[in-house]
Structure formats: C-alpha cells, structure tokens
Amino acid sequence: MKPKEPAFPFEIDIRLRSLDELFNSLDPSPLVDRDIDDAIEDFIVDSVPEAPRGAQISLVLHLPSGHLSGIERAALEQSITNYFAFLEARQTRQLRLFLKESRRDALVGLLFLIACIAGSQLVRALGPNMSAALISEGLIIIGWVANWRPVAAFLYDWRPMREKARIYARLSALRLQLREDIRKAPSPFPA
C-alpha cells in the first residue's frame, strides 16, 4: 500500500497594518503569553474548517514593507501556537465538565422517569376512569420530556465542543509565515 502523500499547506492570509493589530491591545503580557485579538481569532478559527483534513495550516501575516525587520518569527510563532494550545486545553476541560454534568443530568432524568412510570402505574391501579388515564399518560410524558436535555447532550451538544477543540489543536501546530505586503490598501484582515 502506497503511503498517503501529505496534503499541501493550507494558508490563512491576514493583512495587517502593524504587528500590534494581531494581539489584544488590553493584554500587557510578554509576547509569548499574549492573547490574539478577538476579531482576528474568529477569522482564523472560522477558516480552519475549509482546510483539507491532514493539511498543515500556515498563518501568513502580510505586513507593510519595513515592518518585518526586527520581528522574531520563532517567538511570534510560539506566541500564536501557545495561545491556541491554551484554548484547546480550556475547550477540552469544558467538554469534560459538560460530559460529567450530562452524565449527572442523565442519572437524575432516569430516576425521575422511573418515578413517573411508577406513579403512572399507581394511578392506573387506583381506577380505570378517564381522569386516571389522563394523569397516568401525563406522568409518562413528563418523565420522557425531563430526559430531553440529557439525551440531546449525549447525541448532539458535545460534538461542536469537540470540533472546536480539534480546530484549536490544529491551530496549535500551525506554521507562521511573514510576508512583505506590497499593496498600499489599508485592509485590516483578509489578504
């Protein structure tokens, strides 16, 4: 079997007027610990689903001429990858906590459903009249409706959280490229 060829790098191009635009202006941390600006982070994260599976992601920062000198590319790349690694770890913790809470909710829902079914059987045993049948069916419906949220959590709600963690993981391994922007347009993001 022929080994799978690595995919071409997937480039996310961002045009900046200066490197300061990349980072949150309120974050006084050293370069390797700085937060990326929210709008730029959203742009980067939203671009990743377009990347082919397995493709190396490359963040290409286009800066005006004269802004490339003095930039330590390795430190800048480490800063960006550290940021996305932090987001991945945080998202993974949130997913783990969500699943733990969902298991607890499922247990509570199951116990409530058992109580509703037992109550329904008790009401039916008390008399075969119309009001007993109505209350009995109502208890069963309430028991199942109470389980809607735990079931939805296990079937659907965890998937977007896991996907976001995967996106952050891919971004924590990105490669950084710096390019001189020869255009004079003051476009803040897409290149």
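In this predicted model, three strands form an open sheet. Their order is E1-E2-E3, and the pairing is parallel. Strand E1 (10–15) and strand E3 (175–181) are the edge strands, each pairing on one side only. On average, neighbouring strands of the sheet are turned by 25° against each other, direction ignored. Strand E2 spans residues 57–64. Seven bridges join E2 to E3 in the parallel sense. Across this pairing, His-62 stands opposite Arg-179 in E3. Helix H1 (residues 38–47) packs on the sheet. H1 touches E1 and E2, and its direction makes about 160° with that of E1.

Helices H2 and H3 also pack against each other. H2 covers residues 73–126, and H3 covers residues 130–145. Their axes lie 8 Å apart, at an angle of about 175°. Angles over 145 degrees count as roughly antiparallel, and H2 and H3 are therefore roughly antiparallel to each other. On the H2 side, the contact is made by Phe-112, Leu-113, Cys-116, Gly-119, Ser-120, Val-123 and Arg-124. These residues meet a set in H3 that comprises Ala-132, Ala-133, Ile-135, Ser-136, Glu-137, Leu-139, Ile-140, Ile-142, Gly-143 and Trp-144. By class, the contact of H2 with H3 has 11 nonpolar residues, four polar residues and two charged residues.

Aromatic pairing was examined next. A search of the whole structure finds two aromatic pairs. One is formed by Tyr-83 and Phe-84. This pair is edge-to-face, with 70° between the planes and 5.5 Å from centre to centre. Tyr-83 and Phe-84 are both buried. Phe-84 also pairs with Tyr-168. Here the arrangement is stacked: the planes are 25° apart, and the centres are separated by 6.4 Å. The pair of Phe-84 and Tyr-168 links distant parts of the chain, 84 residues apart. Phe-84 belongs to helix H2, whereas Tyr-168 belongs to helix H4 (residues 148–171). Tyr-168 is buried, as is Phe-84. Together, Tyr-83, Phe-84 and Tyr-168 make up one aromatic cluster.

Methods: Residues are numbered from 1 along each chain as its sequence is written. This is a predicted model: local features need pLDDT of at least 70, side-chain atom pairs count only at pLDDT 80 or more; totals for chains, interfaces and linings use all residues. Side-chain values use heavy atoms; hydrogens and water are left out. Axes are lines fitted to C-alpha atoms, for helices over the stretch in contact, and angles run from 0 to 180 degrees between N-to-C directions. Helices (H or I, at least four residues) and strands (E, at least two) are DSSP runs, numbered from the N terminus. Angles under 35 degrees count as roughly parallel, over 145 as roughly antiparallel, 65 to 115 as roughly perpendicular and the rest as oblique. Contact means heavy atoms within 4.5 Å. Ala, Val, Leu, Ile, Met, Phe, Trp, Tyr, Cys and Pro count as nonpolar, Asp, Glu, Lys and Arg as charged, and the others, Gly among them, as polar. Two strands pair if DSSP finds at least two bridges between them. Rings of Phe, Tyr and Trp (its six-membered ring) pair if their centres lie within 6.5 Å; planes under 30 degrees apart count as stacked, over 60 as edge-to-face and the rest as tilted. Buried means under 20% relative accessible area, exposed over 50%, partly exposed in between (1.4 Å probe, protein chains only).
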